[in-house]
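I opened this structure to check a few points by hand. My notes are below in the order I took them.

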Amino acid sequence: MKNRAAEFSQRLMHDNRSVSVDIWCLVYNHEKYLHSALDGMLMQRTNFPYRIIIHDDASTDNSAKIIKEYQRQFPDKIIAIFEAENQMQKGVSFFRKMLANATAKYIAYCEGDDYWIDKNKLQKQVTYLETHQDCVSCYHNILPVNEFGQYDESLRKGYVYLKDGDYTKKEIRSFVLKTQLASLVMKNYLTFFNENDIQVYQGVKCNGDRRILLLCGILGRVHYLSDVMAAHRRVFYGDSYTARLSKKSTVDIFINEQKGKLEIRRLYKYFTGKPIYPYNDILHAIVTGFLLRQFCIKNGDHKKIFKEINLPFYAFFIYVPFFFYKCLLKTWKIFVSNTLE
């Protein structure tokens, strides 16, 4: 299988494009937060040009009106894409439309309900990437805030405090997300995608943050800075990712997690031509099989879990070994009981 990742890595190492950044901003009913998001992007002090590419997915509030007002004030900074119908509800990805406009050397992300709090954020990250050619992306610490923009440490959850350093290969292969997408600046490898790459990339149904982290990790080094330069807003109502996740049952969350890991492995194999680990399929089947069994015992819904994950051969690794284990355990107990008597 062709190693697309190696091709991309070489092209990134010899990318002679002038320094510039395209900021991807996804918006849906973010009127309450959009001013903070756009002001945080527009306050950036850089020695290079940057643009904000905003995709409004047919918001039903005043988001589009706010975007148009900012676009009128900053026509050279803002490119706006407005949808007539909500694409997410139709299962249509925004990716191609954003990609068509993303020509800069670097890409940054900030969704409409998050915001940047350091005016030198872009400059710091791009400077690091420019002076470390082997590095493909750069993250940093985030400030967890509630819907009112108030700091709330209880909302941090999986996002830990980072010291200056690199993601390890093990962390990347395990899909460990230490921080949030609003902290990312990465080299724009997306412009190297051919049609098949786009179809595979779009076809992988998993958390977008993990998909990006994995690709950056296989293309080069992933670095993070200790600076706190963005606020990540966690809102538990509406159509935010956090709100959608909070409405799901424990079983559904587990199912999505396992399906996502399988999808991301497929993506890794496509771009590198090899599995994440040697004997990956067998080892992953055994480990996942064990996790599924333990989860089924604790939470029930065996049928739903196996139907959704759709991997019948896992049943072999779940039930057969443990069937023999139970038999052996029962035999051992009988033997010990007889011996004691």
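These entries cover strand pairing, cysteines and one histidine.

**Entry 1: the model.** I noted first that this is a predicted model.

**Entry 2: strand β2.** I began with β2, residues 50-56. Is this strand covered or open? I found β2 mostly covered, with six of its seven residues buried.

**Entry 3: β2 and β1.** I looked up the pairing with β1, which spans residues 21-27. How many bridges join β1 to β2? I read seven, and the two strands run parallel. Helix α2, residues 34-42, makes a right-handed β-α-β unit together with β1 and β2.

**Entry 4: β2 and β3.** I then turned to β3, residues 78-82. Five bridges pair β3 with β2, again in the parallel sense. Here I marked Asp56, which stands opposite Phe82 in β3. Which helix belongs to the unit of β2 and β3? I found α3, residues 63-73, and this β-α-β unit is right-handed. My summary for β2 is that it pairs in parallel with β1 and with β3.

**Entry 5: cysteines.** How many disulfides does the structure hold? I got zero. A disulfide would need the two sulfur atoms within 2.5 Å. I also checked Cys135, which is in no disulfide. Its nearest cysteine sulfur belongs to Cys138, at 6.2 Å. Cys25 is buried, with a relative accessible area of 0%. Cys135 counts as buried because its relative accessibility is 0%, and the cut-off for buried is under 20%.

**Entry 6: His232.** I moved on to His232, which lies in strand β9, residues 221-233. Is His232 buried or exposed? I have it as buried, with a relative accessible area of 8%. What does its side chain meet? I found a polar contact of 3.1 Å between the side chains of His232 and Asp114. I then listed its neighbours, leaving out residues up to four places away in sequence. His232 touches Asp114, Ile142, Leu143, Pro144, Val145, Tyr159 and Gln180.

Definitions and conventions. Residues numbered from 1 in each chain as written. Predicted model: local features only at pLDDT ≥ 70, side-chain atom pairs only at ≥ 80, totals over all residues. Heavy atoms only, no water. Buried < 20%, exposed > 50% of the residue type's maximum accessible area, 1.4 Å probe, protein only. Helix = DSSP H or I, 4+ residues; strand = E, 2+ residues; numbered from the N terminus. Pairing = 2+ DSSP bridges. Right-handed = clockwise from strand over helix to strand, strands pointing away. Polar contact = N/O pair within 3.5 Å; in protein donor to acceptor, adjacent residues only side chain to side chain. Contact = heavy atoms within 4.5 Å.
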